[in-house]
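Thanks, everyone. Today I will go through the aromatic rings in this protein, and then the charges over them.

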Amino acid sequence: MNLDQVKKSIRNIPDYPKPGIHFKDVSTAYQNSEVFNYVADAIYERYKDFGITKVVGIESRGFILGGVLSNKLNAGFIPVRKPGKLPAKTYSQSYQLEYGIDTLEIHQDALESDDVVLIHDDLLATGGTVSAAIDLVGRFNVSKIYANFFIELDFLHGIQKINKSVPVWSLIHF
Ligand code: AMP
């Protein structure tokens, strides 16, 4: 297994969910156990010595590898979810989409100031989603925040939108 094979395992769906968007379907990568294990191992290898205490996964595709990574890193898993999904008290953060506005939430007791946090999502596009997640995690004054993606769409320059204090690393670039 190598990164080229991983790249080829990701299905491209033109004009989904709307015209002009080329959707990267990670389900075809994750359904192959060799690819899935390789990807999880590669991201784990990158972060294994960073002292990560919590992995924050972004709903919903960020839960898949996020759960595996938290287990491998011996860290807790924290879900960041769409509004109204988390049952206890939450912090909310709204962010701009291409058309309209969206909101993410985190439980108010999810993190402590001594946590070292790895935020994970499947894909970095324009950077709005992860920036909202960084704002949420930032409310806890944690000691460090890292952000990781399985896939980064370089041509959208989402990385430029992300707070410079947050080191970003993606396994695959398109
Ligand atoms: P953004 O906020 O623009 O960085 O968008 C990132 C979020 O939207 C991630 O949670 C992705 O799962 C999803 N997303 C955005 N663009 C795509 C795409 N081309 N293919 C698959 N997922 C995408």
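A search of the whole structure turns up nine aromatic pairs. Rings of Phe, Tyr and Trp (its six-membered ring) pair if their centres lie within 6.5 Å; planes under 30 degrees apart are stacked, over 60 edge-to-face, and the rest tilted. This is a predicted model: local features need pLDDT of at least 70, side-chain atom pairs count only at pLDDT 80 or more, and totals for chains, interfaces and linings use all residues. Residues are numbered from 1 along each chain as its sequence is written, and side-chain values use heavy atoms, with hydrogens and water left out.

Take Y47 and W169, an edge-to-face pair at 6.1 Å centre to centre, with 75° between the planes. Y47 is in helix α3 (residues 33-47) and W169 in strand β9 (residues 168-173), 122 residues apart, so the pair links distant parts of the chain. Helices (H or I, at least four residues) and strands (E, at least two) are DSSP runs, numbered from the N terminus. Y47 and W169 are both buried, meaning under 20% relative accessible area; exposed is over 50%, and partly exposed lies in between (1.4 Å probe, protein chains only).

F63 and F77 are edge-to-face because their ring centres are 5.9 Å apart and their planes at 85°. F63 is partly exposed at 25% relative accessibility, and F77 is too, at 30%.

Y47 and W169 also belong to one aromatic cluster with F50 and Y146.

Last, the charges. A charge sits over a ring if NZ of Lys or CZ of Arg is within 6 Å of the ring centre and within 35 degrees of the ring normal. K144 lies over the face of Y146, 5.8 Å from the ring centre. The charged end of K24 sits over the ring of F174, 4.0 Å from its centre.
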